[in-house]
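Here is my note on the model you sent over.

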Amino acid sequence: MSRMHVIIDGNNLLYAMHEHAPVPHVGRETLFRAVDRWARTHQNKVTLVFDGPKPRTGLAQQMTSSRVNVQFSAPETADDVIIRKIKKASHPTTIRVVTSDSVISHAARYRRCAHTKCAAFVAELFPADRADQPQPLAAPEEKPANLSPDDVNHWLDEFGLDIEEPPFDGHDAMTDDL
């Protein structure tokens, strides 16, 4: 596969990740890390375009990479920025556009750019057969209800605990004197 310049509609992909990604709490930083990992694996250059102004310095610094160029569209929309990039491309067949927006998709098809819908791209970001994919946690085992005195002593020994007074037997010595 030849190297492509991938232009991603950031807000559109973020919405799709909320619906389809196997990770909780998806935000711009999580999206950026997933796209950066994908770009390194596929050795593609990526431009990730978000609507609005550039965020505060801390978040902007967290979203820097040699493979992923993050842009914020203010005062324009991300759609305007992406469509302009498509129209100005000298080799549009080397561009892949990731969006589910119909206007951007139309501009990409018109210039013969490769096009991928966001839900399909989320599947590329999180392939189901990957070993490092987050796995659901197993349900915790039920806590044993009744341990025998021998079991209690075994676990006290196992953890190196020494209890000088006998375990609580349900009888409260403090109330006996009342």
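**Notes on the predicted model**

1. Let's begin with the overall layout. The protein has seven helices and five strands. Going along the sequence, they come in the order β-α-α-β-α-β-α-β-α-β-α-α. Please keep in mind that this is a predicted model.

2. Next, burial and contacts across the chain. Of the 178 residues in the protein, 34% are buried. If you take the contacts between residues at least 6 apart in sequence, 56% of them join residues at least 24 apart.

3. Now to the aromatic rings. How many aromatic pairs are there? The count is two. One is formed by tryptophan 38 and phenylalanine 121, in an edge-to-face arrangement with 4.9 Å centre to centre and 70° between the planes. This pair links distant parts of the chain, since tryptophan 38 belongs to helix H2 (residues 28-42) and phenylalanine 121 to helix H6 (residues 118-125), 83 residues apart. Tryptophan 38 and phenylalanine 121 are both buried.

4. Phenylalanine 50 and phenylalanine 72 also form an aromatic pair, this one stacked, with centres 5.6 Å apart and 20° between the planes. Here too, distant parts of the chain are linked: phenylalanine 50 is in strand E2 (residues 45-50) and phenylalanine 72 in strand E3 (residues 68-72), 22 residues apart. Phenylalanine 50 counts as buried because its relative accessibility is 0%. Phenylalanine 72 has 18% relative accessibility, so phenylalanine 72 counts as buried as well, the cut-off being under 20%. Do look at arginine 28 while you are there: arginine 28 lies over the face of phenylalanine 50, 4.8 Å from the ring centre.

5. Helix H2 deserves a paragraph of its own. H2 is built from 15 residues and spans 21 Å between its first and last C-alpha, close to the 21 Å expected at 1.5 Å a residue. Its buried residues are Thr30, Leu31, Phe32, Ala34, Val35, Asp36, Trp38 and Ala39. After H2 comes glutamine 43, which has a positive phi, near 55°.

6. How do helices H4 and H5 pack? Helix H4 (residues 78-88) and helix H5 (residues 102-110) meet at an angle of about 5°, and their axes are 9 Å apart. That angle makes H4 roughly parallel to H5, because angles under 35 degrees count that way. On the H4 side, Asp79, Ile82, Ile83 and Ile86 take part in the contact, and on the H5 side Val103, Ile104, Ala107 and Ala108.

7. Glutamate 124 is worth a click. Glutamate 124 sits in helix H6 and, at a relative accessible area of 29%, is partly exposed. Leaving out residues up to four places away in sequence, glutamate 124 touches Trp38, Arg96 and Thr116. Its C-alpha is 9.9 Å from that of alanine 34, although glutamate 124 and alanine 34 are 90 residues apart along the chain.

8. Last, threonine 77. Where is threonine 77 found? Threonine 77 is in the loop between E3 and H4, and with a relative accessible area of 36% threonine 77 is partly exposed. Between threonine 77 and valine 49 there are 9.3 Å in space, C-alpha to C-alpha, with the two residues 28 apart in sequence.

Terms used: Residues are numbered from 1 along each chain as its sequence is written. This is a predicted model: local features need pLDDT of at least 70, side-chain atom pairs count only at pLDDT 80 or more; totals for chains, interfaces and linings use all residues. Side-chain values use heavy atoms; hydrogens and water are left out. Rings of Phe, Tyr and Trp (its six-membered ring) pair if their centres lie within 6.5 Å; planes under 30 degrees apart count as stacked, over 60 as edge-to-face and the rest as tilted. Helices (H or I, at least four residues) and strands (E, at least two) are DSSP runs, numbered from the N terminus. Buried means under 20% relative accessible area, exposed over 50%, partly exposed in between (1.4 Å probe, protein chains only). A charge sits over a ring if NZ of Lys or CZ of Arg is within 6 Å of the ring centre and within 35 degrees of the ring normal. The expected span of a helix is 1.5 Å times one less than its number of residues. Axes are lines fitted to C-alpha atoms, for helices over the stretch in contact, and angles run from 0 to 180 degrees between N-to-C directions. Angles under 35 degrees count as roughly parallel, over 145 as roughly antiparallel, 65 to 115 as roughly perpendicular and the rest as oblique. Contact means heavy atoms within 4.5 Å.
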